[in-house]
Structures are given as C-alpha cells and as structure tokens.
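Thank you all for coming.

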Amino acid sequence: MLKISNLSAKIDNKSILQDFKLEINPGEVHAIMGPNGSGKSTLSNILSGKKGYEVTGEVMFENNDLFSLETEERAHKGIFLAFQYPLEIPGVNTNVFLKTSLNAIKKARGEKELDAIQFLKLVKEKAKELKFDEEKLGRQLNVGFSGGEKKKNEILQMSILNPKLSILDETDSGLDIDALKTVADGVNALRKKNNSFLIITHYQRLLEYIKPDFVHVLMNGKIIKSGGPELALELEEKGYEKIN
Amino acid sequence: MEEQLKIDFEKNLKNFSYSDQEKKFKEINFKEFLKQGFPNRKLENWKFSDLSQIIKSNIGELSFYNNYSKENQIEKIELINELEHNKLIIVDGKIVKIDFKFEDKDKIEVLVDQSEKTIRKNINSLINLNNAFSNKFCKIIIKKNYSLKKPLVIYHSTNKNTHFSNTNSRIDFKLEENTCLRVIDIFKDNSEKNFINIYYNFELDKSSILKNYKIDKTINNNVKYSYNNVNQEADSISETFILSSGSKFFKNEINCDLQGQHSSAFVNGIFDLDEENHHEIKSNINHLVENTKSYQLVKSVLEKKSKAVYQGKIFVSSEAQKTDGYQLSNAILLSENSEFNAKPELEIYADDVKCSHGSSSGSLDENSIFYLMSRGLNYKEAKKLLINGFLLDVIEKITDGEIKNLIKDLMGVKE
C-alpha cells in the first residue's frame with residue numbers, strides 16, 4: 001500500500017530524515033517510536049503533504065507517486081493524518097467542516113455526496129461510538145476544546161472519512177487513560193482487512209490497546225531497529241540510548 | 001475645477017425654485033466648499049484617504065450640475081427578492097420613489113420638500129458641497145410607539161450615462177419615542193467615474209432603535225462618501241453595520257452623539273477588498289452623558305493592492321462617567337501589496353470609565369490551511385472557509401435575524 005524508499009528530508013538545510021525506508025501492506029499496523037527530534041513528525045508531515053521540506057527519494061501509495069499529489073489529493077486517495085496539535089479554526093462550525101470534508105473526498109472519488117440528513121445520522125452514530133460530546137459538533141472547530149477533546153475529534157474525523165492509511169502523530173500524548181481507551185477503540189473499530197495504520201508515539205502505552213504488527217525505532221532520521229510488538233516493551237525497559 | 005463649479009452652481013440656483021433663504025443657505029455652503037475644496041491628507045481625518053487626489057486620479061474633472069428635470073430613469077434595478085421591504089429609490093442623487101406599502105400610513109410622515117435654514121458648523125467640506133448642490137431633501141418621521149413591520153431598503157443607483165459627475169443626496173430621519181426602524185442601504189451603480197456624496201441625519205428620541213445596514217457589494221468604479229450623523233436620546237440604540245467591498249473608493253463616516261443616559265451605539269464593519277479598492281470607516285462616538293455604551297468591531301480581508309482604513313474615535317466628556325467604550329479591528333492581508341491602517345483614538349475627560357481598543361493584522365495561517373487541505377479541501381476552499389470563519393463574528397453581531405441571513409447569502413457564508 002505504502003512504499004517509502006530512500007527518503008531524505010531537509011528543512012533550512014538541516015537534515016532530518018536520511019535514507020528512510022518503510023513498507024506498509026494493506027491491513028498492517030506499524031508503530032514508529034523514537035525520542036524527541038528523531039524526525040517522527042517530519043515523516044507524518046511529508047506523507048500528508050506539508051510544504052517547506054526539501055525532499056529526495058520516492059514514496060509510492062497504491063501505484064501513485066505521492067510527491068506528485070497535492071495535500072488534498074492525498075486525502076482523496078485515502079491518506080489521513082491525525083495531528084499532534086489539532087488546530088483551532090475560529091468561526092468554522094465543526095459539523096459544517098466535517099460535512100465539507102467528507103463530501104469533498106466523496107466528490108473527488110466520484111461517489112454520491114451525503115445530504116444533511118444522511119450526514120447527521122452518520123456523525124451522530126460515530127460520535128456516540130467515540131463518546132464524543134454531540135454538543136461540541138455544533139461549536140467552532142476545536143475552539144475551547146480540551147486537549148483530549150481535540151484528539152478525540154481527530155479520531156472522529158478519521159472514522160467518518162474512513163481512510164485507507166491513517167497516520168496517528170502522537171495521538172496518545174495528553175490523553176487520560178479513559179480517553180486513551182476510547183481512542184484505541186476507535187482505531188480498532190476501523191482496523192479491517194485493508195485499512196492500514198502508522199502510529200507514531202513516544203511511549204508503548206497506546207500500543208497496549210492497539211496491537212501493532214511491526215514496531216520500528218527511529219533515531220536521527222533513520223530506522224535503527226525493527227521488530228514485533230515485543231520491541232516496544234524492550235524499549236520501555238531499556239530506553240532509546242541502549243537499544244542500539 | 002473652480003470655474004466649472006461656479007457655472008454649475010449658478011445653473012443650479014437658476015433652474016430650481018429656491019426661496020431667498022434657501023439661496024442664501026446654499027451660497028454660504030458653496031463659498032465654504034470653494035474655500036476648502038475636497039478634503040486632502042493635510043487634514044487629520046483624511047490623512048489615509050486623500051479624497052482630492054483620489055478624485056483627480058480616478059475621475060478627473062467633475063461636473064456638479066444635475067438636470068433633474070429630465071426624468072431620472074433607471075435602466076434596471078435589481079430589487080432584493082429575499083425579504084419583503086419598503087422602498088426608497090435614489091437615482092443620481094434624486095429620490096424617485098418612496099413606498100412604505102407595508103406600514104400604517106398614519107404612523108409615518110414623509111416630508112419631501114425640506115430645506116435647511118439654520119447654518120450649522122459642518123464637519124467637512126463635503127457636507128457643504130452636499131448642502132450647496134443637493135436638491136430639496138426628504139425627512140421621514142416615525143410616529144411615537146411605532147415599529148416598522150418591514151425594513152426600509154434604500155437603493156442608491158446611478159444612470160448608465162451619468163459619468164464624470166457629482167451626485168449629492170440627503171435624507172433626515174426622526175424616530176420618535178419608542179420606535180424602531182431598520183434601514184438597509186444597497187448600492188447598485190450603472191455608471192462609472194462618479195463622486196457620490198450621501199448625508200443622513202438621524203434623530204433618535206427616547207427608547208428608539210435604529211438599525212442601519214450598508215451593503216456595498218456591487219463592483220463599480222465610483223468614488224463614494226457617506227456621512228451618518230446620529231443624535232441619541234436616553235435609552236436609544238443605534239446599530240450600524242457596513243459591508244464595504246464593491247466600490248473603487250468608499251469612505252463611511254459615522255458620528256454618534258450619545259446625549260441621553262443609557263443610550264448605546266454599535267458600529268460593526270467588514271472590508272472585503274480586491275484589486276486597488278480603497279475603503280475607509282471613520283467613526284466618532286461621543287459619550288456626552290453618564291452611563292452610555294459603545295462597541296465597535298471591524299474586520300478586513302484584503303487582496304492584491306487594496307487598502308483599508310479604520311479610524312475609530314471614542315470621545316468621553318468630563319460629565320460622561322460610567323462610560324463603556326470598546327473597539328477592535330483585525331485584518332488579514334492576502335497579498336504583500338495590500339495595506340491596512342488602523343488609528344484608534346481615545347479622548348477621555350472623565351475618570352470613572354471603561355474604554356479599550358485593540359488592533360491586529362496578519363496573513364492567513366498556513367498551518368490552518370494545511371489542516372483543512374489534509375481533510376480533502378483544495379486551497380481555494382480552505383481559504384474561503386477560513387476567511388468566512390474570520391468574518392463570521394462580525395456578521396453574528398447583526399441583531400436582525402432576517403438581515404443577517406441576507407448578508408450571509410450575499411457573502412456566500414454557509415452554515
């Protein structure tokens with residue numbers, strides 16, 4: 001589904017990712033763990049199309065050259081990024097935003113757009129599953145939301161848009177244990193045969209609830225070690241310094 | 001210009017039947033205008049908008065005489081279909097139609113042949129120009145305890161063949177005790193290169209409510225000045241909303257004298273400018289007695305080489321204790337060549353008051369754009385959503401639901 005080969009990235013001439021390689025097949029869950037500044041967020045930004053990076057190498061997503069696609073086209077093809085710091089968008093109603101987003105993607109795919117009634121039914125159902133306060137759907141996007149609510153809102157968006165590849169950028173940070181479980185339930189509900197996940201995290205805590213198929217350790221812009229779920233436990237025990 | 005002015009003024013005096021008193025009034029105003037000319041940047045009030053230069057570069061030579069004897073035909077005027085309303089239609093500065101068909105006839109008095117006799121000190125030479133050249137003006141009186149059922153829409157229109165010319169219009173309104181009037185000004189120009197000069201006088205008696213919405217959305221090459229003078233008695237409320245967008249140049253000046261206790265004034269505005277349009281809002285809120293309130297919010301979205309100016313003045317006299325005055329302006333500059341000028345002025349002579357002001361300007365947040373695009377919106381859609389969101393809280397300040405929806409429709413703000 002996703003194949004990253006020899007990816008290097010620089011920002012302001014500072015090298016962040018070097019010769020990065022990763023392959024994710026349909027249905028797989030990969031976790032990338034690494035210390036601060038190892039390039040985790042850069043990776044998620046590059047995959048979802050944020051500008052400002054000097055990039056070499058190749059990223060293929062289902063036979064598409066990712067670098068030839070605009071940010072919104074990547075979303076249309078089924079890539080979703082759950083932001084580490086979801087933005088507050090004043091004056092934009094959360095429901096309106098969700099509907100605009102879903103219909104933009106449906107339109108690009110040549111599918112039938114949802115009308116207001118169909119959409120409300122869908123969003124209510126998903127909000128209930130994620131224990132997301134329905135009242136917040138009528139409010140301005142993320143404005144006045146707590147840290148946990150913002151993260152839940154990301155997962156709500158993910159479950160409504162139903163992407164093929166979801167990238168979760170430190171979605172667990174700032175979540176209390178109940179919220180963490182809810183978020184994990186949301187991810188697990190979406191974990192079907194063909195949906196893949198790239199979970200970026202500092203800690204193995206989230207991975208207790210979302211069992212990854214593969215764990216990779218990222219340091220200084222490179223994957224230095226890959227393994228199964230047991231690698232996360234080893235990391236937790238030894239720390240990043242000693243794992244190498 | 002002076003030669004042309006004199007000829008046009010003489011023509012004006014000769015061709016319309018003014019009384020000696022009216023003639024004298026007009027002559028005094030004309031002399032004053034001749035002395036001062038169009039306002040220029042040497043005047044503090046006009047330092048960001050040199051009207052004299054703006055007229056020179058956008059219009060060139062103006063003519064000042066309008067032959068109202070030929071019927072002022074309008075080629076076409078698109079009326080608002082979205083809401084039922086009373087109508088007042090002005091073509092080339094002359095009122096051609098007044099229709100209060102939704103109202104009780106004995107509750108509204110329309111005096112069409114008004115002329116001013118007393119000579120007041122005018123705030124600028126444009127009022128002198130208006131007094132010298134505007135024909136007889138109209139005064140609308142709303143009788144005690146009457147709230148109009150429907151808003152009054154004033155259509156400001158110009159003929160297609162009226163170019164290089166100055167048009168002046170004036171309307172006075174008196175809102176008697178405990179009345180409510182909603183006025184929507186719509187600008188629909190069929191002409192180019194005109195200087196359009198509008199002067200409204202509002203007298204708000206005790207507990208009356210005035211809501212004035214000015215909508216300048218149609219793109220045109222005219223230069224406009226509009227002056228609202230609002231005198232407010234106790235417990236009266238004035239709400240002014242300005243959507244400043246379509247004209248080449250437009251300066252809206254709002255003067256509110258809060259002279260009765262517990263009176264309040266709200267001035268909200270949106271500058272939505274493109275190309276080389278240059279617009280200004282200048283407010284003077286004068287708190288003259290105790291316990292009065294004013295609130296002002298102006299937001300700007302500026303494309304290309306457009307320029308917006310907001311000069312908001314809050315004056316608090318020494319008697320006006322317990323004044324509550326607030327003003328805020330925010331601007332988004334969408335191009336390196338666009339410009340926003342804010343000059344807040346607070347002049348306070350009382351010691352127990354609450355007054356504050358703030359202003360910010362910046363560009364569209366790229367991270368927010370990225371966030372929205374990562375959810376499938378293209379750049380244009382993301383930008384539009386953010387801008388609408390930015391402007392929404394000004395639109396939400398509109399207290400009339402029906403008109404709020406009309407303005408949302410006009411601006412393409414979806415809910």
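This is a predicted model: local features need pLDDT of at least 70, side-chain atom pairs count only at pLDDT 80 or more; totals for chains, interfaces and linings use all residues.

Let me begin with charge: chain B carries 60 positive and 62 negative side chains, and the centres of these two sets lie 2 Å apart.

Of the 415 residues in the chain, 59% count as buried. The C-alpha atoms fill a box of roughly 70 × 45 × 45 Å along the principal axes, and the radius of gyration is 21 Å, which agrees with the value near 22 Å that a compact globule of 415 residues would have.

How many helices and strands does chain B have? There are seven helices and 19 strands. If we take the contacts in this chain with a separation of 6 or more, 84% of them are between residues 24 or more positions apart.

That brings me to the aromatic rings, where the count over all chains comes to 21 pairs. One of these is formed by B:Phe173 and B:Phe202, which are stacked, with 4.7 Å from centre to centre and 10 degrees between the planes. This pair links distant parts of the chain, since B:Phe173 sits in strand E6 and B:Phe202 in strand E8 of chain B, 29 residues apart. Both are buried, B:Phe173 with a relative accessible area of 1% and B:Phe202 with 0%. The ring of B:Phe202 also pairs with that of B:Tyr200, and because their planes stand at 85 degrees, with centres 5.8 Å apart, this pair is edge-to-face. B:Tyr200, at 1% relative accessibility, counts as buried as well. Elsewhere on the list of ring pairs, a cluster links B:Phe9, B:Phe30, B:Phe33, B:Phe38, B:Phe64, B:Phe133 and B:Phe195.

Finally, please turn to chain A, and to the loop between strand E1 and strand E2, where A:Asp12 is found. Most residues other than glycine have a negative phi. A:Asp12, although not a glycine, has a positive phi of about 45 degrees, and A:Asn13, which is found in the loop between E1 and E2 too, has a positive phi of about 65 degrees. Are these two residues buried or exposed? A:Asp12 counts as exposed because its relative accessibility is 75%, and A:Asn13, at 62%, also counts as exposed.

Note on methods
Residues are numbered from 1 along each chain as its sequence is written. Chains are lettered from A and ligands numbered from 1 in the order in which they are written. Side-chain values use heavy atoms; hydrogens and water are left out. Helices (H or I, at least four residues) and strands (E, at least two) are DSSP runs, numbered from the N terminus. The radius of gyration is taken over C-alpha atoms; the globule rule is 2.2 Å times the number of residues to the power 0.38. Buried means under 20% relative accessible area, exposed over 50%, partly exposed in between (1.4 Å probe, protein chains only). Contact means heavy atoms within 4.5 Å. Lys and Arg count as positive and Asp and Glu as negative; His and the chain ends are not counted. The place of a charge is taken as NZ of Lys, CZ of Arg, CG of Asp or CD of Glu. Rings of Phe, Tyr and Trp (its six-membered ring) pair if their centres lie within 6.5 Å; planes under 30 degrees apart count as stacked, over 60 as edge-to-face and the rest as tilted.
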